[in-house]
Amino acid sequence: MNTIHKTLIPILIAAASIASARAADDILIADFEGENYGAWKVEGEAFGPGPARGTLKGQMRVDGFAGKGLVNSFFKGDDTVGALTSAEFRIERKFVNFLIGGGKNAEKLRMELLIGGAVVRTATGPNDRPGGAETLAAESWDVAEFAGKMAVIHIVDEAKGGWGHISVDHIAQSDRKAAVLLADAKREFKVEKRYLNLPIKNGAAKQKVTTFVDGRVEVRNDIELADGAPDWWAPMDVSAWRGKTVTLQVDKLREDSTGLSAIEQSDTFPGAENLYREPLRGQFHFSSQRGWNNDPNGMVFFNGEYHLFYQHNPYGWPWGNMHWGHAVSPDMVHWQELGDKLAPDESGPMFSGSAVVDWKNTSGFGKDGKPPLVLLYTAAGHPTVQSLAYSTDGRTFTKLATNPVLKEITDGNRDPKVIWHEPTKKWVMTLYVETKEKQHTIHFFTSPNLRDWTLASVVNGGIDGDKFLFECPDFFELPVDGDASKSKWVLTAADSNYAVGTFDGTTFTPEKTHLRGHRGRGFYAAQTFSDLPGRRVQIGWFQTETRGMPFNQSMTIPLELKLTATPDGPRMTWTPVKELASLRTKSHRFDVPTLAPDAANPFAAVSAELVEVNAEFEPGDAEVSFTVRGATIRYDAKKQELAVNDHRVPAPLRDGKQRITIFCDRTGLEVFASDGLTYVPMPFVPKADDLALGVQAKGGAAKFSALQVHELKSAWGAQ
Ligand code: FRU
């Protein structure tokens with residue numbers, strides 16, 4: 001279901017950087033990828049029987065070498081000695097480039113270039129004291145003056161004891177000097193403006209970028225910093241540190257990189273003049289201004305505002321660096337982004353979670369009679385724990401100094417969803433816990449004060465012998481057909497499948513598990529608003545990939561959830577919230593009592609980029625098709641099946657009628673049928689110039705009791 005492979009990216013990056021190390025015009029002298037040293041003469045024991053495959057026994061982790069093999073004279077430890085001598089070769093390029101690491105000892109640990117028996121160039125490793133790192137770094141010898149001469153390379157380990165070894169890899173002749181990596185390159189900024197704009201190159205090797213504020217580490221991010229021209233600029237909001245000194249430190253920066261020097265302080269960021277008007281910007285689907293979003297988090301109605309937090313990578317197009325982004329809205333349709341509220345810290349990246357208003361101030365975080373807004377989130381470090389942050393104004397948030405509030409159960413525990421359970425007057429947390437045996441479970445905890453949690457019960461996701469209950473739980477009570485006396489509890493999972501049952505404050509007893517949630521694609525990790533009286537409104541992560549944009553992914557439109565009785569038992573329905581009607585600019589109503597197969601297209605005169613279509617019809621024997629900007633939405637009455645661009649799903653008739661609503665934005669469709677029993681989200685990018693709409697019947701005449709097209713406006717305009 002989760003089609004985005006968050007872990008694939010680093011592998012691609014590693015492959016890309018190795019490829020670029022082998023420029024076409026280079027002449028390889030040695031890559032040490034073979035089983036033995038080949039033509040190299042080996043003396044002594046230190047270099048072992050052949051190139052090492054990375055780290056040797058008893059050694060700190062070796063990295064920074066190319067491929068799988070390298071020269072590593074730590075064979076049998078530091079005390080072994082020896083030498084390696086290459087075959088003779090002719091100098092045919094301007095530089096000899098190589099990677100070198102290990103001990104620093106110009107006399108006893110050396111790599112040297114000999115011409116006519118004389119040493120003309122020499123290099124050694126970087127470490128001359130305990131600690132340090134086994135990382136190889138690029139170096140270069142300028143050998144232009146020896147053009148045409150015959151040369152030999154000699155690698156010597158005559159050192160014993162601490163750092164008594166040398167490592168070397170990938171020796172090549174080149175006309176380009178190897179870019180030397182500067183360790184812990186820094187740049188200081190006296191903060192005067194809102195942002196530091198960071199240059200980002202999608203797919204570049206990730207740099208560890210540490211942000212210091214007045215000398216103290218504030219946050220560490222892995223950033224695809226552009227060495228040259230960036231694909232886009234990521235604004236780092238530093239407004240909280242105005243007047244202070246912010247230092248950015250990059251762990252390994254190419255000496256010719258403009259990654260740090262190009263950073264500018266500004267109150268805006270490049271591209272902001274076109275914000276929300278970008279070609280692939282959903283116009284009524286929330287997406288972050290810059291960077292990646294995944295799950296909605298901490299959805300809550302507080303002080304008359306809707307709050308949406310979300311998994312945010314502010315500094316990358318793909319997943320990573322999980323922060324909680326934050327946006328607010330008066331109506332769930334028009335959003336204002338407020339910046340990141342939870343940043344990664346020493347307890348790890350900030351994974352998904354929820355928010356509640358603590359009306360009775362059980363937590364004690366309230367001030368002056370004002371109830372606090374409390375966030376519960378997963379700090380996904382080692383260990384992975386559940387933590388808390390609070391706010392009284394809905395703008396600034398403080399992480400609890402005594403975090404975590406719940407210790408690690410297994411390293412696969414995450415995504416706390418907290419609710420107030422009025423009958424038992426307790427907080428209830430549902431937490432996804434993947435057990436050591438790889439079982440998917442939801443653990444229920446209770447608390448009097450949001451800080452102290454006690455295990456109450458466990459629901460095992462294997463009830464149906466399948467993998468129901470997968471991460472990001474949500475848990476709420478809904479009346480059946482509006483009748484509160486018949487209400488049921490609903491437990492949803494990240495894939496939107498759900499269980500309906502009863503809950504006594506301790507134990508959830510499902511009547512039926514693994515009911516099908518949404519029927520489309522690219523919908524995941526949905527949550528509902530807490531503290532919203534009388535309604536249950538859900539927003540999901542809408543996996544709309546927006547390649548070429550400085551942002552990626554989005555959220556679905558807000559969906560009202562209800563339970564409705566069906567012959568099989570109560571089932572959930574999804575319908576667009578009524579607030580979306582505020583986007584309508586022009587409504588076209590069509591009076592088409594019957595639509596015959598040869599009828600003219602009723603929508604022929606209408607064209608729109610952003611559109612909502614509503615229809616209520618009795619299909620009879622007809623197949624009814626809607627065309628919306630190149631997408632087809634076809635209803636087959638005989639099979640009681642809906643096809644959205646050939647993705648077929650069940651859609652039962654209701655009282656002999658079908659009611660369909662279609663929303664079309666720049667990045668996706670959302671189709672509702674069968675009074676909300678069938679919800680089909682579908683990432684889809686219409687062609688920019690295809691604004692045509694249509695409706696037709698095939699194989700019979702359909703009777704329409706309602707047929708409307710609403711042209712919609714962007715939600716991003718005047719806010
Ligand atoms: C779901 C998820 C959550 C986790 C978050 C991390 O998409 O994997 O389980 O908390 O994303 O970003």
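Tutor: Helices (H or I, at least four residues) and strands (E, at least two) are DSSP runs, numbered from the N terminus. The model discussed here is a predicted one.

Student: How many helices and strands does the secondary structure of the chain come to?

Tutor: The chain has 719 residues, of which 56% count as buried. Its C-alpha trace spans about 100 × 65 × 55 Å along the principal axes. The secondary structure within it comes to 1 helix and 54 strands.

Student: What is the mean pLDDT of the chain?

Tutor: Over residues 1-24 the pLDDT stays under 50, and the model has 27 contacts beyond four places in sequence for this segment. Where pLDDT is low, the predicted coordinates should not be read in detail. In the chain as a whole, 95% of residues reach 70 or more, and the mean pLDDT is 94.

Student: What distance separates the centres of domain 1 and domain 4?

Tutor: The domain assignment gives domain 1 (17-174), domain 2 (181-266), domain 3 (275-576) and domain 4 (578-712). Taken over C-alpha atoms, the centres of domain 1 and domain 4 are separated by 68 Å.

Student: Which residues form one aromatic cluster with Phe-286?

Tutor: Leaving aside neighbours within four places in sequence, Phe-286 is in contact with Leu-308, Tyr-310, Ala-327, Trp-335, Glu-337, Ser-554, Met-555 and Trp-716. Together with Phe-286, it is formed by Tyr-276, Tyr-310, Trp-335 and Trp-716.

Student: What is the angle between the ring planes of Trp-420 and Trp-427?

Tutor: A search of the whole structure finds 35 aromatic pairs. In the pair of Trp-420 and Trp-427, the centres are 4.8 Å apart and the geometry is edge-to-face. Trp-420 counts as partly exposed at 26% relative accessibility, whereas Trp-427 is buried at 2%. The angle between the two planes is 70°.

Student: Why is the pair of Phe-617 and Tyr-635 classed as it is?

Tutor: The pair links distant parts of the chain, with Phe-617 in strand E45 (residues 611-618) and Tyr-635 in strand E47 (residues 631-636), 18 residues apart. Phe-617 is buried, with a relative accessible area of 0%, and Tyr-635 is buried with a value of 0%. The ring centres are 6.2 Å apart and the planes stand at 70°, so the pair is edge-to-face.

Student: How many disulfides are counted?

Tutor: Cys-472 is buried, with a relative accessible area of 4%, and Cys-664 is buried with a value of 0%. A disulfide requires a pair of cysteine sulfur atoms within 2.5 Å. By this rule the number of disulfides is 0.

Student: In which loop is Pro-404 found?

Tutor: Most peptide bonds are trans. The bond from Asn-403 to Pro-404, however, is cis, with omega near 5°, and a cis bond also joins His-382 and Pro-383, with omega about 5°. Pro-383 has its place in the loop between strand E26 (373-379) and strand E27 (385-391). Pro-404 is found in the loop between strand E28 (398-399) and strand E29 (412-421).

Student: Is Met-332 buried or exposed?

Tutor: Phi of Met-332 is near 70°, a positive value in a residue other than glycine. Met-332 lies in the loop between strand E23 (323-329) and strand E24 (336-337). The cut-off for buried is under 20% relative accessible area. At 1%, Met-332 is therefore buried.

Student: Is Asp-655 buried or exposed?

Tutor: Asp-655 has a positive phi, near 50°, and is found in the loop between strand E49 (647-650) and strand E50 (658-664). With a relative accessibility of 76%, Asp-655 counts as exposed.

Methods:
Residues are numbered from 1 along each chain as its sequence is written. This is a predicted model: local features need pLDDT of at least 70, side-chain atom pairs count only at pLDDT 80 or more; totals for chains, interfaces and linings use all residues. Side-chain values use heavy atoms; hydrogens and water are left out. Contact means heavy atoms within 4.5 Å. pLDDT is the predictor's confidence in each residue, from 0 to 100. Buried means under 20% relative accessible area, exposed over 50%, partly exposed in between (1.4 Å probe, protein chains only). Rings of Phe, Tyr and Trp (its six-membered ring) pair if their centres lie within 6.5 Å; planes under 30 degrees apart count as stacked, over 60 as edge-to-face and the rest as tilted. Domain bounds come from an automatic or database domain assignment.
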